[in-house]
Amino acid sequence: MSARAPFAKMNGAGNEIIVADMRGRVGSVAPAAAVALNADAATKFDQIMAIHDARTPGTDFYIDILNSDGSSAQACGNGTRCVVQALAAETGRKTFTFETRAGILNAAEHDGGLISVDMGLPRFAWQDIPLAEEFRDTRAIELQIGPIDDPVLHSPSVMSMGNPHAIFWVDRDVWSYALDRFGPLLENHPLFPERANITIAQVTSPETMNIRTWERGAGLTQACGSAACAAAVSAARTGRTGRKVALTTPSGATLRVEWREDDHVVLTGPAEWEFSGDFDPETGAWQRDREDVA
């Protein structure tokens with residue numbers, strides 16, 4: 001059995017997150033441990049954000065991200081905000097630079113508790129998303145669910161925010177679509193060789209929209225930060241909104257996205273601590289901290 005590691009159960013706008021402290025340790029959180037933690041109702045999560053010692057000069061920490069099925073994720077904006085809150089409480093610092101598989105992310109905690117993460121640059125070329133075949137214009141591609149002459153969902157905008165996203169635009173309420181049924185089919189569609197995050201988006205004004213997301217490797221979630229970024233950027237890119245958008249998530253929380261003129265995408269929203277404990281990074285066996293036990 002490996003040495004146990006501290007963790008905090010948190011959520012970012014309802015996105016269920018485990019922040020695991022793997023600093024000073026050799027090895028990573030095993031996929032089997034992620035699956036075991038997700039199987040327990042108390043520690044069920046969407047993503048694990050494992051904090052490791054920095055690997056690259058100029059960064060503070062390396063963040064390894066796992067989905068609830070044990071697969072790896074490149075980016076998680078809501079989870080990154082949880083990491084910032086946990087580290088800010090520990091260190092008193094307000095700004096951090098993280099390395100992830102999606103690249104370098106800068107993040108800051110603001111007065112009032114909101115946290116911003118610079119999610120980097122969006123990518124639109126079909127081979128960068130990636131797609132399995134060429135589409136010259138990824139603002140709307142040929143993909144649909146339902147009858148050919150009356151599809152339920154069709155013509156999504158596709159892009160990468162460090163991970164693949166498909167945004168389906170709808171006029172009706174986002175809850176009127178069976179995303180639990182369509183999500184798995186679209187996530188694993190042959191067009192997406194690395195699978196994809198699937199979002200239904202309803203634009204309600206030039207500055208607001210509602211979204212629901214089926215997350216790659218996690219399923220239906222209460223919020224998805226990178227999907228909020230992808231939806232906001234795609235909305236601006238297709239002329240549906242401006243470059244600053246407030247997005248309402250299934251949890252009821254609001255995420256704010258700005259697609260800046262320098263092309264960087266900044267995600268701002270809340271993070272919430274729930275409880276802490278320690279766990280075995282190989283098996284997922286865990287216990288709650290004594291002060292959290294009633």
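I looked up tryptophan 259 and found 9% relative accessibility, so it counts as buried (under 20% relative accessible area, with exposed over 50% and partly exposed in between; 1.4 Å probe, protein chains only). The model is predicted: local features need pLDDT of at least 70, side-chain atom pairs count only at pLDDT 80 or more, and totals for chains, interfaces and linings use all residues. Residues are numbered from 1 along each chain as its sequence is written, and side-chain values use heavy atoms, with hydrogens and water left out.

Next I searched the whole structure for aromatic pairs and got six. Rings of Phe, Tyr and Trp (its six-membered ring) pair if their centres lie within 6.5 Å; planes under 30 degrees apart are stacked, over 60 edge-to-face, the rest tilted. Phenylalanine 96 and phenylalanine 98 are stacked, 5.9 Å centre to centre with 5° between the planes. Both phenylalanine 96 and phenylalanine 98 are buried.

Arginine 243 lies over the face of tryptophan 259, 4.0 Å from the ring centre. Arginine 288 has its charged end over the ring of phenylalanine 275, also 4.0 Å from the centre. Ring pairs join Phe275 with Phe7, Phe279 and Trp286 in a cluster.

Last, I took isoleucine 63. Beyond neighbours within four places in sequence, isoleucine 63 is in contact (heavy atoms within 4.5 Å) with residues including Met49, Val83 and Phe98.

How values were computed: A charge sits over a ring if NZ of Lys or CZ of Arg is within 6 Å of the ring centre and within 35 degrees of the ring normal.
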